[in-house]
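Here are some friendly notes to read alongside the structure. Take the points in order, and keep the 3D view open while you read.

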Amino acid sequence: MMQLKRRNFVAALALALVAGVALGAFSASRAELRRPPLAAPAPVSPIPVVPVQMPSQGGTFASIADAIKPAVININTVSRGAGPQGRTPFEEYFGEEFFRRFFGEVPERIPQRSLGSGVIVDPTGIALTNAHVVDKATEIEVVTLDGGKHRAKVIGVDKKTDLAVLKLDDGKTSFKYARLGDSDRIQVGDWVLAVGSPFGLQATVTAGIISAKARQLDQGPFDDFLQTDAAINPGNSGGPLVNMQGEVVGINTAIVAGGSGIGFAIPSNMARKIYAELRDKGRVTRGWLGVSIQPLTPELARSFGSKDAKGVLINEVMPDSPASKAGLKPGDILLEFEGRPMEGTGDLQRAVGFFAPDRTAKLKILRDQAEKVVEVKVGQAPDERQAQQQRPGGGRARSMLGLEVRPVTPEIARQLNLRSTDGVIVFRVEDGTPAAEAGVQRGDIVKQLNGQTVRTMADFERLTRDMKEGDPLTVLLQRGAMSLYVAFRVGRG
């Protein structure tokens, strides 16, 4: 069967060459076989053709699959929630996927079992997987290729990139492991293998190519996915995407619902940085400039005296921020960050986010039609500073209001048909609290507190900061197309 396929391939290749189709070069080494044209036209400067990777000699991926499979693990988790609850109409309509998409997590209601994959990247048993695979897990069991079962604990989780680091057997066992490759060197058209446990089928290997790079999926500011047509299915999450050298170039993380053959992986270079921080510190610290930015359109570029639309436009500088202290101003066009060109807003968000706080970065900006270099001492992202302050003790404190809220992003507003992003969305209502008994539901939009307008998270925090147990609270909610008031006394339930 394999021999027949190879003959067909050779025949098809020959036919394509006769028809004058430029296929490039196919080889095992990415660096050979550049065929001359059939006819010899007048000499022209040759166009370099980057050869596409093919399986190793013999037309098979077997050696690569054999090398990577021992490092790939099947992850079985048990998550326990607060107990059974009825689903709200909002949840029935939008489903849990709404919360998973926008907030990276879903409040668990009942004990759940789930399956995922991972890859061991250190012989002491340190493994990479997706955050959503192990999120809220109370028990984690890992199964290796040889059928061995191992206990695993979470070293750290970074929900913003959907990555997590596990340690198997408390580091007391030696494991086969895979190397992290350089995802920047992978090219569209290169062959890759996806390895994992789709639908619980352990050590499943599928092959495809890199279909695109730097894909943005509106999951957050750090979107930078590799797209592949190697088959990825539920259960593959957290498993490796591997190049023809057997190196991990991505961590499989998402698929397009109903989109056959479209999967996405977190690039290994991003995973490497997150892995190192989670392994060493148990958390990720991100840089912060304190600016608001927008894309630089050709019209805006002309109005600010720029010759082209390269860079990002600063439209606001926050008081007392690193950017403010460095002298950045609204109207500055940021061209480079640490020597890297900034071609879009995502470039700057990723560059700053992955830059270590308290270090100085060099920024090239365009101001008044002149380029200049500005040095900025990058700060730490405010939301992470707050998270650190709230983290002591390990558990989540039971809030006085019994509510957990999140910002209403433009994408959430669009999904819910809201006229603006004013307000905050209720993400979690704690069981047995006055808020829950008063009827506040997950998915409600908080518009007012005691008659005071709530437009942002800062408004919500300011209006609730000084509340004490027993204080009366009247909340104006938007639920779908209707508005309603609920009233209760603040308390822990």
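1. Which residues are linked with K273 in a network of salt bridges? The network joins K273, E277 and K281. A salt bridge here means a side-chain nitrogen of Lys or Arg within 4 Å of a carboxyl oxygen of Asp or Glu. By this rule the count comes to 17 salt bridges.

2. A word on the ground rules. This is a predicted model, in which local features need pLDDT of at least 70 and side-chain atom pairs count only at pLDDT 80 or more, while totals for chains, interfaces and linings use all residues. Residues are numbered from 1 along each chain as its sequence is written, and side-chain values use heavy atoms, with hydrogens and water left out.

3. Now the overall picture. The chain has 13 helices and 28 strands; these are DSSP runs numbered from the N terminus, with helices being H or I of at least four residues and strands being E of at least two. Of its 493 residues, 43% count as buried. Buried means under 20% relative accessible area, exposed means over 50%, and partly exposed lies in between (1.4 Å probe, protein chains only). Among contacts with a separation of 6 or more, 62% are between residues 24 or more positions apart, where contact means heavy atoms within 4.5 Å.

4. Six strands form a closed barrel in the order 9-10-11-14-13-12, with antiparallel pairing. Neighbouring strands of this sheet are turned by 45° against each other on average, direction ignored. Two strands pair if DSSP finds at least two bridges between them. Strand 13 (residues 248-255) and strand 14 (residues 263-267) run antiparallel and are joined by five bridges. In this pairing, A254 stands opposite F264 of strand 14.

5. Next, look at what crosses those two strands. Helix 6 (residues 268-281) lies across strand 13 and strand 14, at about 50° to strand 14. For such angles, axes are lines fitted to C-alpha atoms, for helices over the stretch in contact, and the angles run from 0 to 180 degrees between N-to-C directions.

6. The side chains of D280 and R279 meet at 2.9 Å, N to O; D280 is exposed at 55% relative accessible area, and R279 is partly exposed at 35%. In helix 9 (residues 345-353), R350 and D347 sit three residues apart, about one turn of the helix. Their side chains form a salt bridge at 3.1 Å, N to O. R350 counts as buried at 12% relative accessibility, whereas D347 is partly exposed at 25%.

7. Is T161 buried or exposed? T161 is buried, at 7% relative accessibility, although it is found in the loop between strand 7 (149-158) and strand 8 (163-168). Leaving aside residues up to four places away in sequence, T161 touches F222, I266, M270, I274, R286 and F354. The side chain of T161 also makes a polar contact of 2.5 Å with that of D158. A polar contact is a pair of N or O atoms within 3.5 Å; within protein, one must be able to donate a hydrogen and the other to accept it, and residues adjacent in sequence count only if both atoms are side-chain atoms.

8. Further along the chain, follow strand 25 (residues 445-449). Strand 24 is joined to strand 25 by two bridges and runs antiparallel to it, with V424 opposite V446. Strand 25 is also antiparallel to strand 27 (residues 472-479), over four bridges, and I445 stands opposite Q478 there. Strand 26 pairs with strand 25 in the antiparallel sense over two bridges, T453 being the bridge partner of Q448. The hairpin of strand 25 and strand 26 has two residues between the strands, and N450 takes a positive phi near 50° in it.

9. D422 forms a salt bridge with R455, with the closest N and O atoms 3.7 Å apart. D422 lies in the loop between helix 11 (410-415) and strand 24 (424-429) and R455 in the loop between strand 26 (452-453) and helix 13, so the pair ties together parts that are 33 residues apart in sequence. D459 lies in helix 13 (residues 457-464) and is buried at 16% relative accessibility.
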